[in-house]
Amino acid sequence: MNLPAILAAHATWLRTNGEEGKRANLAGANLADANLMRANLAGANLADANLMRANLTGAYLTVANLAGANLTGADLTGANLAGANLADATLTGADLTGADLAGAYLARADLMRANLTGADLTGADLAGAYLAR
């Protein structure tokens, strides 16, 4: 997998409103420990991806599909996940300090020991989410 090429094609796709480039499809990809700091993955498909311990600080993941993704220990400080699909995602021990989760779908997500300090959960769907510390 050539991650820089996928991100470049996705950036083109975003910039041209889908006329050129290609939407990032990283479903099931192993991105454990990846540095995606400030990456623009708006609308990307990351369903069932392994993002354990990934650095997603300040990443832009609005309306991205992260259903079933493993984000255990990931750093999502200041990330924008507004409207993202995080159903059944594992966010155990993830740092979501200051993250924007407004309108995100977090049904059945595992948020055990996740740091949600200053996170915006306005309108987020947390039905069945596991929030125990």
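Student: In this predicted model, which side chain meets that of Arg 53 in a salt bridge?

Tutor: A salt bridge requires a side-chain nitrogen of Lys or Arg within 4 Å of a carboxyl oxygen of Asp or Glu. For Arg 53 the distance from N to O is 2.8 Å. The partner that supplies the oxygen is Asp 33.

Student: How many residues apart in sequence are the parts that Arg 53 and Asp 33 tie together?

Tutor: The side chains of Arg 53 and Asp 33 meet in a salt bridge. Arg 53 lies in the segment after H1, and Asp 33 is also placed in the segment after H1, so the pair ties together parts whose separation in sequence is 20 residues.

Student: How many salt bridges does the count come to?

Tutor: One of them joins Arg 53 and Asp 33. Asp 88 forms a salt bridge with Arg 108, and their closest N and O atoms are 2.8 Å apart. Asp 88 and Arg 108 both lie in the segment after H1, 20 residues apart. The count of salt bridges comes to 2.

Student: What is the relative accessibility of Arg 108?

Tutor: Arg 108 is the salt-bridge partner of Asp 88. Asp 88 counts as partly exposed at 40% relative accessibility. Arg 108 likewise counts as partly exposed, and its value is 45%.

Student: Is Thr 62 buried or exposed?

Tutor: Thr 62 is found in the segment after helix H1 (3–15). Leaving aside residues up to four places away in sequence, Thr 62 touches Ala 42, Gly 43, Asn 80 and Ala 82. Its relative accessible area is 13%, and the limit for a buried residue is under 20%. Thr 62 is therefore buried.

Student: What radius of gyration does the protein chain have?

Tutor: The C-alpha atoms fill a box of roughly 45 × 30 × 20 Å along the principal axes. With 133 residues, a compact globule would have a radius of gyration near 14 Å. The chain agrees with this expectation, its radius of gyration being 14 Å.

Student: How many helices and how many strands does the protein chain have?

Tutor: A helix must have at least four residues and a strand at least two. By this rule, the secondary structure of the protein chain comes to 1 helix and 0 strands.

Note on methods. Residues numbered from 1 in each chain as written. Predicted model: local features only at pLDDT ≥ 70, side-chain atom pairs only at ≥ 80, totals over all residues. Heavy atoms only, no water. Rg over C-alpha atoms; globule rule 2.2 N^0.38 Å. Buried < 20%, exposed > 50% of the residue type's maximum accessible area, 1.4 Å probe, protein only. Contact = heavy atoms within 4.5 Å.
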